[in-house]
Amino acid sequence: MVDRIADIWGTRTPYARDALWPVRVDQALAEGVTEADVDHWVQSACVLCSNGCACDIAVKDGAMVGIRGRAQDLVNHGRLGPKGLFASWQGVSHRDRLTRPLVRENGELVECDWDTAMNRIVDRSRQLLRERGPLSHGFYTSGQLFLEEYYALAIIGKAGIGTPHMDGNTRLCTATAAAAMKESFGSDGQPGSYTDIDSCDAMFLYGHNMAETQTVLWARVLDRIAGPDRPEVVCVDPRETEVARHADIHLAVRPGTNMALMNALIHEVLANGWIDEEYVQAHTMGLEQLKATVERWTPERAAETCDVRAADIRAAARIFGTSDRVLSTVLQGFYQSAQATAASCQVNNLHLLRGMLGRPGCGILQMNGQPTAQNNRECGADGDLSAFRNWENPDHVEELARLWDVDSLTIPHWAPPTHAMQIFRYAEQGSIELLWISATNPAVSMPDLPRIRKILAKPELFLVVQDLYLTETAQVADVVLPAAGWGEKTGTFTNVNRTVHLSDKAVDPPGEARSDLDIFLDYSRRMGFTTLHGTPLLDWAGPEDGFEAWKECTRGRPCDYTGISYERLRGGSGIPWPCNEEHPDGTVRLYGDGVFPTDPDYCETYGHDLLTGATTGPEAFRASAPGGRAILKAADYSPPHEEPDDEYPMRYTTGRTAYHFHTRTKTGRSRQLVHAAPSAWVELNPVDAERLGVGEGDIVRVTSRRGRIEVPARICDIRPNTVFAPFHYGYWDHGGSPDGHPTAANELTLTEWDPVSKQPVFKNAAVKVEKIAEATGTAPAPTTTASRPTKGGKAVTPTVGGREAEATELFGTAPPPRFPDAINPGAYELASVRSGRRSLGEGGGSES
């Protein structure tokens, strides 16, 4: 019996290097439903992390009643994680769903019909375009929409309105992934593949708590570790995560010092001659500058800066330098920290120095944090030009103008696209007067929340929010549009390793909710956006028309989709791009030929200075004559802008837990996941806790220069003088605002961003901690993850601790205890179909 709340990664299926990962099909059905009761299954893929696990949706009597992994898909081989099992259909089938549009009347949101809501938006939009021009409009979207929806939004913003003020919450989680690949390789697009896990001799995880952020991918790693020829594992993370517990070397660096560590690793690889000189000579440029930059970064110097052992740095470098096949993964521990792009580029540099790209087991996964973040970047809803075109290249702008049949002067390209932090600054200053937010919740996810709440509540700002639920952001909107969710619409999306999946519509959305694509197409029609020939700018009848239009946009570009169709995506596995006449079955790995998209006429960017963010520019880039070579980008270490001091003596960092996604809009409506991680906490090292007089579960106040939070403390194995908080917990289930009891992690984070990727620095802040109340139980943190109590402590099973009434209101019954040794198996059936093993997981049905 496998309880997938207690056993997050499921039963082990060990396998050897270069073997096929065994199939294990995970399944969850609603209470009282058996496989025989299911009317039909509808193909989809999970949207609750960036892994992109293929699945089928069970439908009975017109409602979603279950989910199972797709055995034939190369991404997950049938597996699903806890969020997919317990919050996929459950997260959208809830009585809280928005079913009719809302408009603000006399300070209150009231229901209305679609004409009233859309006319209000269109009237304000036309007025602002007439009086203020396109710079009055801003769009802030998500990593949750489908490809076709992003592309429609990109065309509306760039060719209909002509605003550069477009971005997504992908700026907050993985903008650095794109930036690092552009700087090193000339274009976005993951070089590696998940199948590199199957073939590698060593894995390096840089700031990537894969065990909690991509649980199915970590199950794949665990199965390799359990196999006969275990890969060596190196973990860079200030916390003792599950990854760290399985690692051969754990480099628990001080937050903000990643760049010093990376320069030392490169120093050692160079000093020991562990490089492929022939490959470097033929396929890279910039070696001499890189050598000069890292020369003084000995392991001893980096050890002092990072507060790790020099011997461990040497050992990690030796693993990288002497292993035949190395896979590196990178995530928010690098992306949301100081010098994000610079540090992530050094991961690329290590692989380039060793010639480890484009063959099995030799890959880089600059990971995404969301299921469709890749599509946001590809389509240009984040402000970039569609299909990885270069906004500084006039020929690329003209290509889009011809494709869309608009004047090239309409497409904004006179300055860099406006990133999210600047969009909110313009709204604060008043130059953006209409802000349209779709499928994201900045009132919880943005840094420095006290400031963000003031911006969103400005009476001068016309705020449109398009979402499933009345989120904290939607509660302050002028117009709220009810959107269809996963399983309620059709579209495609692309995961981290470029694999495209189709998600077919399984059921109708509730009430009058509409797909995001229908909403965008309706807005375009009402605004009267047209081409130069007078035809509608967006004349699509549905998502497949949008996909066919997107294919033409990608023709000849790095992300070429021209060989993919809805028909090809149905029935089998997802297909990795580029897929075209040259690669009819898709492309598993990029750059196997050592040719990179750095040609000045083709590349997505001309590059930037990693310390200042200044653009290289077309003239200087052409003069460097990259000629299809990758670029070894170098930078020295610079300390974070906010360091601990006498007033705020501790370092503050944020991250995820395995049981929730983003701001809990969906996972917070899953009975199982709420019971596993019901409310916010912070983590302290035992030494710091003793010094502060704080015990397990005591209520502490954590204060920065921007705000405070008051939450229980978990005493666990985090590095000394560091405070960790999960960023999921906002206030939608507590009236929508802090109301004197702030708990959201981003109350404390600062308004600062990386100079290249413009990604906010969530993981570096200075705070102070004080105890304000005695514990009434242990902290509401899971005991199955990095948040488990310290080895020297005593783990006990607490009561729900103040959430019982809330859980009863949400779900109709009081919750069971949330820790593994007390979970009561119930009605969800989890079946390992292929192996014949069956087990029962924790109970609960669809919460509609």
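In the predicted model, the lining of the largest pocket draws at least two residues from each of β8 (166-168), α4, α5 (175-185) and α19 (420-429). Among the elements, α5 contributes the most to this lining, with 5 residues. Sorted by class, the residues lining the largest pocket are 15 nonpolar, 11 polar and 11 charged.

Rolling a probe the size of a water molecule over the atoms shows where empty space is left. The structure contains 11 cavities of 30 Å³ or more. For the largest cavity, the computed volume is about 560 Å³. This cavity is lined by 37 residues, with Gln144, Asn169, Gln370, Ala439 and His662 nearest its centre. Two or more lining residues of the largest cavity come from each of α4 (170-173) and β16 (462-467). The class composition of this lining is 14 nonpolar, 17 polar and 6 charged residues.

The position of the cavities can be described in terms of the domain division. The protein chain is split into domain 1 (2-91 + 807-847), domain 2 (102-174 + 372-502 + 510-576), domain 3 (175-367) and domain 4 (650-786). The largest cavity lies between domain 2 and domain 4, because both of these domains give residues to its lining.

The second largest cavity has a volume of about 290 Å³. Its lining consists of 25 residues, and Gly207, Asp237, Gly333, Thr654 and Lys763 are those nearest the cavity centre. At least two residues of this lining are supplied by α15 (332-335), and at least two by β22 (650-655). By class, the lining of the second largest cavity divides into 7 nonpolar, 13 polar and 5 charged residues. Domain 3 and domain 4 both give residues to the lining of the second largest cavity, which therefore lies between them.

The C-alpha centres of the two domains are 28 Å apart.

Side chains of opposite charge can pair when their charged atoms come close. The rule finds 2 salt bridges across the interface of domain 3 and domain 4. In the whole structure, 63 salt bridges are found. One of the side-chain pairs that meet in a salt bridge is Lys489 and Glu149, with an N to O distance of 3.1 Å. Lys489 is located in the loop between β17 (479-482) and β18 (491-494), whereas Glu149 belongs to helix α3 (residues 147-161), so this pair ties together parts that are 340 residues apart in sequence.

Two features of the backbone geometry are also reported. Most residues other than glycine have a negative phi, and most peptide bonds are trans. The peptide bond that joins Trp577 and Pro578 is cis, with omega at about -5°. Pro578 is situated in the loop between β20 (575-576) and α25 (618-623). Asp307, a residue other than glycine, has a positive phi, near 60°. The position of Asp307 is in the loop between α13 (299-306) and α14 (310-322).

How values were computed
Residues are numbered from 1 along each chain as its sequence is written. This is a predicted model: local features need pLDDT of at least 70, side-chain atom pairs count only at pLDDT 80 or more; totals for chains, interfaces and linings use all residues. Side-chain values use heavy atoms; hydrogens and water are left out. On a 1 Å grid over the protein atoms alone, a cavity is a set of points where a 1.4 Å probe fits but cannot get out, and a pocket is an open set with protein on both sides within 12 Å along at least five of seven lines; lining residues have an atom within 4 Å of a point. Grid points are joined across faces, edges and corners, and a volume is the space filled by probe spheres set on the points. Helices (H or I, at least four residues) and strands (E, at least two) are DSSP runs, numbered from the N terminus. Ala, Val, Leu, Ile, Met, Phe, Trp, Tyr, Cys and Pro count as nonpolar, Asp, Glu, Lys and Arg as charged, and the others, Gly among them, as polar. Domain bounds come from an automatic or database domain assignment. A salt bridge is a side-chain nitrogen of Lys or Arg within 4 Å of a carboxyl oxygen of Asp or Glu.
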